[in-house]
Amino acid sequence: MFENIGWAEILVLAVVGLFVLGPERLPEGAAWLGRTIRQIKEYVTGAREQIRSELGPDFEDLRKPLEDLQEIRNFNPRTAVRKHLLEDDSSSSAAPQRSKPPEQRPLAPGERPPYDPDAT
């Protein structure tokens, strides 16, 4: 839940809490916050277990699309480009077979360059 919060953010929140609540009430506020977060986690866990027990095996069928959505949410373009373009996946039959470009050679004296009417 708080994966992206670092020590600097926690320090800023503590200083703001110190100014807002004062030094007398800051420990009480921190304890209340801890109890509230713990209670929210218990509610979420209880709700998840209740849904799992009511749905039974269908819970896993419901969970798979949600995991796919989570993967889309955590999409990293750099990783996708590296995976699909830079890694050699010649074992995959889904990969298109690319033909080798024709070998280029210098033109002989007096030889005319090739002409492609579709390209002009």
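Trainee: Is Glu49 buried, partly exposed or exposed?
Mentor: This is a predicted model: local features need pLDDT of at least 70, side-chain atom pairs count only at pLDDT 80 or more, and totals for chains, interfaces and linings use all residues. Residues are numbered from 1 along each chain as its sequence is written; side-chain values use heavy atoms, without hydrogens and water. Buried means under 20% relative accessible area, exposed over 50%, and partly exposed in between, with a 1.4 Å probe and protein chains only. Glu49 has 39% relative accessibility, so it counts as partly exposed.

Trainee: Which residue forms a salt bridge with Glu49?
Mentor: A salt bridge needs a side-chain nitrogen of Lys or Arg within 4 Å of a carboxyl oxygen of Asp or Glu. Here the closest N and O atoms are 3.3 Å apart. The partner of Glu49 is Arg52.

Trainee: Which side chain meets Glu111 in a salt bridge?
Mentor: By this rule, the model has two salt bridges. In this one the N to O distance is 3.0 Å. Glu111 is partly exposed, at 31% relative accessibility. Its partner is exposed, at 56%, and is Arg105.

Trainee: What order do the elements of the protein chain follow?
Mentor: Helices (H or I, at least four residues) and strands (E, at least two) are DSSP runs, numbered from the N terminus. The chain has three helices and zero strands. From the N terminus on, the order is α-α-α.

Trainee: What distance does helix α1 span between its end C-alpha atoms?
Mentor: Helix α1 covers residues 7–55. The expected span is 1.5 Å times one less than the number of residues. A straight helix of 49 residues would span 72 Å. Helix α1 spans only 40 Å.

Trainee: Where does α1 bend?
Mentor: The bend at a residue is the angle between axes fitted to the seven residues ending there and the seven starting there. In α1 this angle is about 110°. A proline, Pro23, follows within four residues. The bend lies at Gly22.

Trainee: Which helix has the highest confidence?
Mentor: pLDDT is the predictor's confidence in each residue, from 0 to 100. The chain mean is 79. Confidence is lowest in helix α3 (residues 77–86), at a mean of 75. The highest mean, 87, belongs to α1.

Trainee: How much of the protein chain counts as buried?
Mentor: The chain exposes about 11,900 Å², by the Shrake-Rupley method with a 1.4 Å probe. Carbon and sulfur atoms supply 59% of that area. Of the 120 residues, the buried share is 3%.
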